[in-house]
Amino acid sequence: MPFTLSSSAFATNAPIPTPHTCDGKDVSPPLHWSGLPAGTKSLALIVDDPDAPDPAAPRMTWVHWVLYNLPAGTDGLPAGVDAAQLPAGTREGINDWKRTGYGGPCPPIGRHRYFHKLYALDIVLADLGQPDKGQLLKAIEGHVLAQAELIGTYQRDK
């Protein structure tokens, strides 16, 4: 069975519903995964937007959410999950707002793509504190068994 990541809130390449954005309640979407490869010890999740600030002339990738050490025995996260509701052992990293937790889509212009990337790892990472995306990617180098991806889009009403 392939390693997959999905959401009951939106399909691949479809718009992310307003409740999961800055125009709504800004709560994380529900996520579900399946098909973890044999030997998976933990998972890491990064949600980012490579179209910032303008999809016609992107200059950076904006990081919306960083999680690591999600237990291999879990199969998803509910909508609106906060730190207290994360599975035991899960650690949070820093997003580009310089805080932990989920920050939803809030593009200044155009339709942006939001990549939800889930990594199956062959280790449980040491406590990295609150790493940013780059620090987490460096820590998981050589330990990724598989990667699943879900892309959603969002464009603000004018």
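**Cores**

I looked up the largest nonpolar core: it has 23 residues, and Phe 3, Trp 33, Leu 45, Trp 65, Leu 70, Leu 77 and Leu 118 touch the most other members. A nonpolar core here is a set of buried Ala, Val, Leu, Ile, Met, Phe, Trp, Tyr and Cys residues joined through side-chain atoms within 4.5 Å. Two or more residues of this core come from each of β3, β4 (42-52), β5, β8 and β9 (144-154). The most comes from β9, with 4 residues.

I note the ground rules. This is a predicted model, with residues numbered from 1 along each chain as its sequence is written. Local features need pLDDT of at least 70 and side-chain atom pairs 80 or more, while totals for chains, interfaces and linings use all residues, and side-chain values use heavy atoms, without hydrogens and water.

I then listed the contacts (heavy atoms within 4.5 Å) of Leu 118. Leaving aside neighbours within four places in sequence, Leu 118 is in contact with Phe 3, Leu 5, Trp 33, Leu 43, Ala 44, Leu 45, Leu 70, Ala 146, Gln 147 and Ala 148. A second, separate core has 10 residues, including Ile 46, Val 63, Tyr 119 and Ile 140.

**Aromatic pairs**

I counted 2 aromatic pairs. The rule takes rings of Phe, Tyr and Trp (its six-membered ring) with centres within 6.5 Å; planes under 30 degrees apart are stacked, over 60 edge-to-face, the rest tilted. Trp 62 and Trp 97 have ring centres 5.4 Å apart and planes at 75°, so they are edge-to-face. Trp 62 is in strand β5 (residues 60-71) and Trp 97 in the loop between β7 (91-92) and β8 (112-121), so the pair ties together parts 35 residues apart in sequence.

The rings of Trp 65 and Tyr 102 have centres 5.3 Å apart and planes at 80°, so this pair is edge-to-face. Trp 65 is in β5 and Tyr 102 in the loop between β7 and β8, 37 residues apart.

I checked burial (buried under 20% relative accessible area, exposed over 50%, partly exposed in between; 1.4 Å probe, protein chains only). Trp 62 is partly exposed at 25%, and Trp 97 is partly exposed at 34%. Trp 65 is buried at 2%, and Tyr 102 is buried at 10%.

**Sheet**

I traced an open sheet of 3 strands in the order β1-β3-β6, with antiparallel pairing. Strands (E, at least two residues) are DSSP runs numbered from the N terminus, and two of them pair if DSSP finds at least two bridges between them. β1 (4-6) and β6 (76-77) are at the edges with a single partner strand each, so one side of each has no neighbour in the sheet. Strand β3 (residues 31-34) is joined to β6 by 2 bridges; Leu 31 has Leu 77 in β6 as its bridge partner.
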